[in-house]
Amino acid sequence: MPRPEKVQAVADIKESMEGAEAVFFTEYRGLTVKAVQELRKNLRESGAEYKVVKMTLAKRAADAAGIVGLDEYLVGPTALAFAKADPVATAKALKDFGKAHDVFVLKAGVLAGAILTPEEVSKLADIEPREVLLAKFAGAARAPLYAAAGMFASFNRTAASMFGQLLDKKESGEFVGDAPVVETSLPAEEPVATETAVKAEEE
């Protein structure tokens, strides 16, 4: 029967797995204490937590969380990086650390329930940060609005110019001469009586 502390340890690891945006599995064998402290610091800055756990407990926690296919990665001295904010930033921190420390091994990752190979984690690290992508998305979303606003502004300027020219022509008399003759609705044989003609008839 598992001891209570082991049961609690498995529950804690499972909770960390389920609460993380992504989980990355690393081998820290050969790293100095100072290097591990540097790695922890870099991961904290990316919004991640780095824990060294027993592999038997990690396997139980993964099984309890419904994550399958990790057995081949949960061997040797393995530590888990739980990305609580941005998986891309955490993957980048791990990749950059690996470039500076040859003994550090990035084994695999779990993102949205899918197992990521070391190559896929490396590609994830190369994606632009979330803030940059959001900024680009926001810019792309605003672009049509800016284009429409520019089009309407251009239309308004053109319309104002056109109406201004028409008013100038009207004031100069040029527009009246060019204007088309509008037919009246009154028949030609019934001319409109003027006020003088009406008074003459009355007399």
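User: Which residues of α2 meet T90, A93, L94 and F97 in α4?

Analyst: On the α2 side they are A35, E38, L39, N42 and L43, where contact means heavy atoms within 4.5 Å. This is a predicted model, in which local features need pLDDT of at least 70, side-chain atom pairs count only at pLDDT 80 or more, and totals for chains, interfaces and linings use all residues. Residues are numbered from 1 along each chain as its sequence is written, and side-chain values use heavy atoms, with hydrogens and water left out.

User: Why are α2 and α4 called roughly antiparallel to each other?

Analyst: Helix α2 (residues 33–45) and helix α4 (residues 87–100) pack at an angle of about 155°, their axes being 9 Å apart. The axes are lines fitted to C-alpha atoms, for helices over the stretch in contact, and the angles run from 0 to 180 degrees between N-to-C directions. Angles under 35 degrees count as roughly parallel, over 145 as roughly antiparallel, 65 to 115 as roughly perpendicular and the rest as oblique. The α2 and α4 pair is therefore roughly antiparallel. Their crossing is right-handed; that term applies if the near helix is turned clockwise from the far one by less than a right angle, and left-handed applies if anticlockwise.

User: What makes α4 and α5 roughly perpendicular to each other?

Analyst: The angle between α4 and helix α5 (residues 118–125) is about 110°, with the axes 7 Å apart. The pair is therefore classed as roughly perpendicular. P87, V88, A91, K92 and K95 of α4 make the contact with V121, S122, L124 and A125 of α5. The crossing of α4 past α5 is left-handed.

User: How do you know how many helices and strands the protein chain has, and in what pattern?

Analyst: Helices (H or I, at least four residues) and strands (E, at least two) are DSSP runs, numbered from the N terminus. On that basis the protein chain has eight helices and five strands, and along the sequence they read α-β-α-β-α-β-α-β-β-α-α-α-α.

User: Is Y50 buried or exposed, and what value decides the matter?

Analyst: Y50 has a relative accessible area of 5% and is therefore buried. Buried means under 20% relative accessible area, exposed over 50% and partly exposed in between (1.4 Å probe, protein chains only). Y50 lies in strand β2 (residues 48–52). Leaving out residues up to four places away in sequence, Y50 touches T26, Y28, L39, R40, L43, A79, L80, A81 and F104.

User: What makes the pair of Y50 and T26 side chains a polar contact?

Analyst: The separation between the two side chains is 2.6 Å. A polar contact is a pair of N or O atoms within 3.5 Å; within protein, one must be able to donate a hydrogen and the other to accept it, and residues adjacent in sequence count only if both atoms are side-chain atoms. The side chains of E27 and R29 also form a polar contact, at 3.0 Å.

User: Why does E27 count as buried?

Analyst: Its relative accessibility is 17%, and E27 therefore counts as buried. E27 belongs to strand β1 (residues 22–27). Beyond its neighbours within four places in sequence, E27 is in contact with P77, V103, F104, V105 and K107.

User: Are H101 and V68 buried or exposed?

Analyst: H101, at 17%, counts as buried, whereas V68, at 64%, counts as exposed. H101 is in the loop between α4 and β4 (105–111), and V68 is in the loop between α3 (55–64) and β3 (78–83). Residues up to four places away aside, H101 touches L31, A35 and E38.
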